[in-house]
Amino acid sequence: MAHFTEDLGFRGLIHQMTDRALEARLDGETITAYIGFDPTADSLHVGSLLQLCMLKRFQMAGHRPIAVAGGGTGFVGDPGGKSEERSLLTEEQLESNLVGIQRQLARFVEFGAAGGATGAVLVNNADWLRPLSLFDFLRDVGKHFTVNQMVAKESVKSRLVRDDTGISYTEFSYMLLQAVDFLQLYDDFGCTLQVGGSDQWGNITMGIDLIRKVRRAEAFGLTTPLVLKADGTKFGKTESGTVWLDAARTSPYQLYQFFLRTEDTVVGTYLRYFTFLPHQALLILDEATAEHPERREAQRVLAREVCTLIHGEDETGRAEHAAAALFGGELAGLDEHMLLDVFADAPSTDLARTRLDGDGALLVDLLAETGLVDSKSKARTTVSQGGAYVNNIREDDVARCLTTADLIADRYLVLRRGKKDHHLVRFA
């Protein structure tokens with residue numbers, strides 16, 4: 001615990017603190033801290049990964065973390081970081097989403113007795129926000145804040161200057177509901193610290209003010225930097241959409257590939273944010289990126305560490321095996337799902353399974369038919385010169401015929417010309 005803030009500082013995880021006195025407390029005593037997660041979907045995504053890692057860091061440092069699932073605030077929606085009103089979720093959607101994210105939270109921290117004295121706590125703020133009447137809310141919470149304070153918050157101010165959207169009273173009230181959360185957690189668990197992204201600063205300070213005014217007690221806030229990609233855009237988004245932590249939404253292989261493609265300029269930052277590697281190991285990887293960026297050593301470590309953190313060692317091993325397949329590795333061990341993941345971006349062709357009956361289909365015919373080469377004569381030249389591959393195995397016999405025995409998962413062939421030109425053939 002003594003060097004906790006030093007570690008956070010080294011990793012660049014401290015964006016703001018409401019009071020520098022917090023540092024001594026984090027290094028010298030056990031405190032209870034909370035981070036909130038609004039259930040806008042049935043899975044968290046990599047945009048939440050930094051805060052999930054923060055929960056884990058606090059527990060590892062000897063503090064007690066609280067994860068707040070926003071079943072109550074999720075009905076309202078946080079205006080922070082949004083340029084327009086969020087769509088309101090139904091009660092059924094929220095309940096389903098809560099089940100999904102609660103399962104994911106348990107991968108990062110030890111809850112209850114399993115975590116000992118620092119066992120994490122999981123709460124749903126709907127438990128205290130639902131029973132709160134409007135009159136009680138206005139009298140016990142609203143009276144402590146002026147509209148002037150609220151409109152000065154960046155999350156509100158950025159919306160007020162836009163004539164096309166503005167902000168509804170529903171989202172305007174979000175910061176007060178989050179302040180209620182902090183007060184409730186202070187009363188129930190002695191929680192004195194809220195942690196969140198830098199866009200949560202305004203919401204966090206409202207909770208601190210409420211505790212001070214109502215309980216005459218001291219509370220703190222700590223924010224982390226927003227995570228951005230090298231081009232300055234929001235982390236966690238790709239051309240195909242959000243990168244989820246649920247394997248059913250984003251497979252372990254796809255998650256692995258997402259981090260493997262990290263740009264050199266930010267890979268060191270991501271390693272500090274999303275892994276628990278010691279400082280010296282991080283510095284060595286910084287040096288490797290600077291001196292031999294073509295080896296992408298830091299990216300491989302990042303992908304392996306994050307995938308293991310989220311999906312475990314076995315799935316990470318399968319993802320690494322699949323990733324090697326793109327560079328000539330063994331394909332036979334891949335199941336159908338993994339094979340389709342690996343070659344999702346490759347062109348494909350559907351052919352009748354009967355083509356493989358009897359003596360089978362000539363490789364040169366398939367190379368030409370799939371467009372990997374322009375003609376059968378060029379296909380024969382490619383094969384004879386050793387430039388043709390079936391399931392990543394080089395074939396140099398122009399008379400080679402392919403049969404059902406060559407299929408992967410009893411349905412697929414992967415043809416390749418040269419080092420990079422792949423084509424997936426489906427037989428049905």
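Helices here are DSSP runs of H or I with at least four residues, strands are runs of E with at least two, and both are numbered from the N terminus. The model you are looking at is predicted, so local features need pLDDT of at least 70 and side-chain atom pairs count only at pLDDT 80 or more, while totals for chains, interfaces and linings use all residues. Residues are numbered from 1 along each chain as its sequence is written, and side-chain values use heavy atoms, with hydrogens and water left out.

A cavity is a set of points on a 1 Å grid over the protein atoms alone where a 1.4 Å probe fits but cannot get out, and its lining residues have an atom within 4 Å of a point. Points are joined across faces, edges and corners, and a volume is the space filled by probe spheres set on them. The structure holds 2 cavities of 30 Å³ or more. For residue classes, Ala, Val, Leu, Ile, Met, Phe, Trp, Tyr, Cys and Pro count as nonpolar, Asp, Glu, Lys and Arg as charged, and the others, Gly among them, as polar.

| Cavity | Volume | Lining by class |
|---|---|---|
| Largest | about 50 Å³ | 3 nonpolar, 3 polar, 4 charged |

Helices α14 (279-291) and α15 each supply at least two residues to the lining of the largest cavity, and α15 gives the largest share, 3 residues. Among the lining residues are Asp-264, His-292, Arg-295 and Glu-297. The second largest cavity is lined by His-45, Gly-47, Lys-234, Phe-235, Gly-236, Lys-237 and Thr-242.

Helix α15 (residues 297-311) also packs against α12 (residues 252-260), at an angle of about 145° and with the axes 8 Å apart. Axes are lines fitted to C-alpha atoms, for helices over the stretch in contact, and angles run from 0 to 180 degrees between N-to-C directions. In the contact (heavy atoms within 4.5 Å), α12 contributes residues including Leu-255, Tyr-256 and Phe-259, and α15 residues including Leu-302, Val-306 and Ile-310. By class, this contact has 10 nonpolar, 2 polar and 2 charged residues.

Finally, the sheet: 5 strands form an open, mixed sheet in the order β9-β15-β14-β11-β12. Strands β9 (348-351) and β12 (393-395) stand at the edges with a single partner strand each, so one side of each is left without a neighbour in the sheet. The twist averages 30° from one strand to the next. Strands pair if DSSP finds at least two bridges between them; 6 bridges join the antiparallel strands β14 (residues 412-417) and β15 (residues 421-427), where Tyr-412 stands opposite Arg-426 in β15.

Note on methods: 1 Å grid on protein atoms, 1.4 Å probe; cavity = no way out; pocket = protein on both sides within 12 Å on 5 of 7 lines; lining within 4 Å.
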